[in-house]
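Me: I would like to go through some labels used for a protein structure and ask what stands behind each one. Please show it first.

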Amino acid sequence: MIQSRRTFLGTAAATALLSACGTMSNRVVRTFEHIEVFDPAALDLIDANAPLESLTTGYGWGEGPVWDRQRDCLYFTDVPGNIAWRWSEADGATKLLDPSGVARDAATGFREPGANGLAISKDGSLLICNHGKRAIEKMSLETGHRTILARTYNNKAFNSPNDIVEADDGSLYFTDPPYGLEGLDASPLKEQNFNGVYHLQPDGRVTRLIETMTFPNGIALSPDGSTLYVSQSDPDAPILMRMSPDGSNAAVLFDASPYMSDTAPGLPDGMAVTKTGHIFTTGPGGVFVLSPEGKPLARIKTGKATANCCFGGRDGQTLYMTAHDTLMRIRTKSVGLPWS
């Protein structure tokens, strides 16, 4: 049986996994305190001497970071803790939602009942992947009112929606692995036959795009919206896929298996895209900087299994990372896609 991501993250990585793609090389050109450079082109995207800051710690599994440009703050989740947090330079970490998912007395059968991935919608509301409610929600940041946008496909409950991205037309793409359920794929609560990638159209219709991935997790779009990226948090196939927004033309963009080791915990998970189309994706040992073609240029070494990342700050050049129990940040030369 495939291990859960967090069980795997605490153990030694398998050594004989998928072969690397033709564009890949894990040869380190130069090592800095927090950065490994695989290609000199990375130095145009990151400041190799930038300090890695720990902002707040003590969480069970930090996830879903997203920057609110209107309020100049960050939101992130502690999925097993069932709390969503707000962080700002002025106030530090304060509770935003408690519980973030389903009420604790209604969490029977869930290993992670809280919210997971978050996103800021184009209308300014907060999009929430709610494990406990097995739903996609939208919440007004003015009133706190939460509305369920989707909770079923073919009249069957989702597993536990994990990560989400909004397209220019207002449609939503999200992943649905079983991480929220006790027993994962063996959970008696599991109704879907697949761990899918879904498209929620503005009119409310839901389409399943992909049903061949074992543990689809992080999700993002290219700057022009023509390419959908989906990570797979499977220790036997730790990859980042690219595909057309309708799910066609799916192919492996990046294979993280050559980078897995006892000293590099983590699997492909959440990601952030720059306005130049470069991808900052979590993986073994921290966050990888990839070219738009999937070539690994550098790795930001967090020292922890890292779940997700996003760009933030007033100029969009600060990368915020949820690394296991800690919220971290590092300055970059890259500008996040929302600031383009």
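Predicted model: local features only at pLDDT ≥ 70, side-chain atom pairs only at ≥ 80, totals over all residues.

Reply: Residues are numbered from 1 along each chain as its sequence is written, and side-chain values use heavy atoms, with hydrogens and water left out.

Me: Why is Asn 154 called exposed?

Reply: Exposed means over 50% relative accessible area, buried under 20%, and partly exposed in between (1.4 Å probe, protein chains only). Asn 154 has 57% relative accessibility, so it counts as exposed. Asn 154 is in the loop between β12 (152-153) and β13 (156-157); strands such as these are DSSP runs of E with at least two residues, numbered from the N terminus.

Me: What is said of the phi of Asn 249?

Reply: Most residues other than glycine have a negative phi. Asn 249 is not a glycine, yet its phi is positive, about 60°. The residue lies in the loop between β20 (239-243) and β21 (251-255). At 62% relative accessibility, Asn 249 is therefore exposed.

Me: Which peptide bond is cis?

Reply: Most peptide bonds are trans. The bond from Asp 98 to Pro 99 is cis, with omega near 5°. Pro 99 sits in the loop between β7 (92-97) and β8 (115-120).

Me: How do you know that strand β16 pairs with β17?

Reply: Two strands pair if DSSP finds at least two bridges between them. Four bridges join β16 (residues 196-200) to β17, so the pair meets that condition. The two strands run antiparallel, and His 199 stands opposite Thr 207 in β17.

Me: Why do β14 and β17 count as edges of their sheet?

Reply: The open sheet has four strands in the order β14-β15-β16-β17, with antiparallel pairing. β14 (164-166) and β17 (206-210) each have a single partner strand, so one side of each is left without a neighbour in the sheet.

Me: What makes a set of residues a nonpolar core?

Reply: Its members are buried Ala, Val, Leu, Ile, Met, Phe, Trp, Tyr and Cys residues joined through side-chain atoms within 4.5 Å. The largest such core has 35 residues, and Ile 35, Leu 74 and Ile 330 are among those with the most contacts inside it. Strand β27 gives the most to this core, with four residues. A second, separate core of 14 residues includes Ala 167, Leu 209, Leu 221 and Met 241.
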